[in-house]
Amino acid sequence: MNEFTNYDEISREKWQNLYKTSIAPLTKNELESIRSLNDEISLQDVQDVYLPLVHLVRLYKKNLEDMSFSKGLFLQKIVKTPPLIIGISGSVAVGKSTTARLVQLLLSRAFKKLSVELVTTDGFLFPNQVLEARHLLDRKGFPESYDMERLLQFLYQIKNGEHCQVPIYSHEIYDILPEQMQEIDNPDILIVEGINVLQSPQSQLIYVSDFYDFSIYVDANEAIIEKWYLERFDSLLKLAESDESNYYHQFTKLPYDEVVALARDTWAKVNRINLKQYIEPTRNRAEIILHKTDNHHVDKIYLKKF
Ligand SMILES: Nc1ncnc2c1ncn2[C@@H]1O[C@H](COP(=O)(O)OP(=O)(O)OP(=O)(O)O)[C@@H](O)[C@H]1O
Ligand SMILES: CC(C)(CO)[C@@H](O)C(=O)NCCC(=O)O
């Protein structure tokens, strides 16, 4: 069976015309907020692709509310609608966090009174010290480098309306920040972004799919993702140039061709292998697959049929 049998393939042209008339165009302020989020984002893509996507999320939210209401009627008690959880997955450097921040911004616009929080699963990586002790430093990002049980516990607590604290990962120090936590206090919508969002822990007793009400896999051709990875490596190095505490500072002293070779090597030996073995196989668990080409231009969207 073809991997996409279970999906409707929708061209960008078709997608961008869905619900066009019922979505208000972006205001000047909103355009500015998007620009400040990432000035590379194409505003045409926001209008044509991401606004209809957020409209679709509305339907899933409505569905969750209706189901809670009906369960309440059945049980003859008040059942509070749990937070809507959206998972965003895909390769390292494919643009998950940019997509997640954009979706957060657009959802806050669509639901002005609701709180929309964003968490990255990078925070659930074991600290370098633990990875080192387990000889896993060069396996960062692979399933065994994450505390998956803790991630699942967190998702459970969120659904249960509990106040949660999440560790914070910093690309600058290439490690979990000591003694700093992100506070998540009972949001209406939670976006969880990360390469392992659609993976299950090894015990398989709990399925991550039980917690996500909607999920997005950000997809692109492998050669293009490698290019984005190399470009991002380059911009991380530029940021590290005058900051000795930055993990990437050590590489700023190397000749340019050695830096490129190093980044290519990390892509080939770590991130590409992870993509092929563990990330891409979860693609067809997503509700929506956003397929991107050069310049992050979305050309195709796949929506799960059932
Ligand atoms: N829609 C977009 N338009 C333009 N540039 C983008 C877009 N999405 C991502 N990028 C760029 O691509 C690179 C990777 O993006 P991002 O950091 O969001 O990826 P990621 O998948 O979250 O990576 P990681 O898994 O390593 O955290 C960044 O340089 C970012 O600026
Ligand atoms: C933190 C992750 C795993 C995911 O965001 C990734 O950015 C990473 O650091 N991968 C390890 C190999 C590398 O340095 O690119």
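**Exercise 1.** Which residues surround ligand 2?

*Solution.* The model is predicted: local features need pLDDT of at least 70, side-chain atom pairs count only at pLDDT 80 or more, and totals for chains, interfaces and linings use all residues. Residues are numbered from 1 along each chain as its sequence is written, while chains are lettered from A and ligands numbered from 1 in the order in which they are written.

Step 1. Apply the rule: a residue is near a molecule if its C-beta atom, placed from the backbone, lies within 6 Å of it.
Step 2. List the shell of ligand 2: Val92, Asp122, Lys140, Gly141, Ile195, Thr266, Val270 and Asn271.
Step 3. Sort by class. Asp, Glu, Lys and Arg are charged; Ala, Val, Leu, Ile, Met, Phe, Trp, Tyr, Cys and Pro are nonpolar; the others, Gly among them, are polar. The shell around ligand 2 has three nonpolar, three polar and two charged residues.

**Exercise 2.** Which of the 15 residues around ligand 1 come nearest?

*Solution.* They are Gly95, Lys96, Ser97, Thr98 and His296. Helices are DSSP runs (H or I, at least four residues), numbered from the N terminus. H4 and H7 (222-240) each give at least two residues to this shell. The classes are six nonpolar, five polar and four charged.

**Exercise 3.** At what angle do H2 and H4 pack?

*Solution.* Step 1. Axes are lines fitted to C-alpha atoms over the stretch in contact, and angles run from 0 to 180 degrees between N-to-C directions.
Step 2. H2 (residues 28-37) and H4 (residues 96-110) pack at about 160 degrees, with axes 10 Å apart.
Step 3. H2 is therefore roughly antiparallel to H4 (angles over 145 degrees count as such).

Definitions and conventions
Angles under 35 degrees count as roughly parallel, over 145 as roughly antiparallel, 65 to 115 as roughly perpendicular and the rest as oblique.
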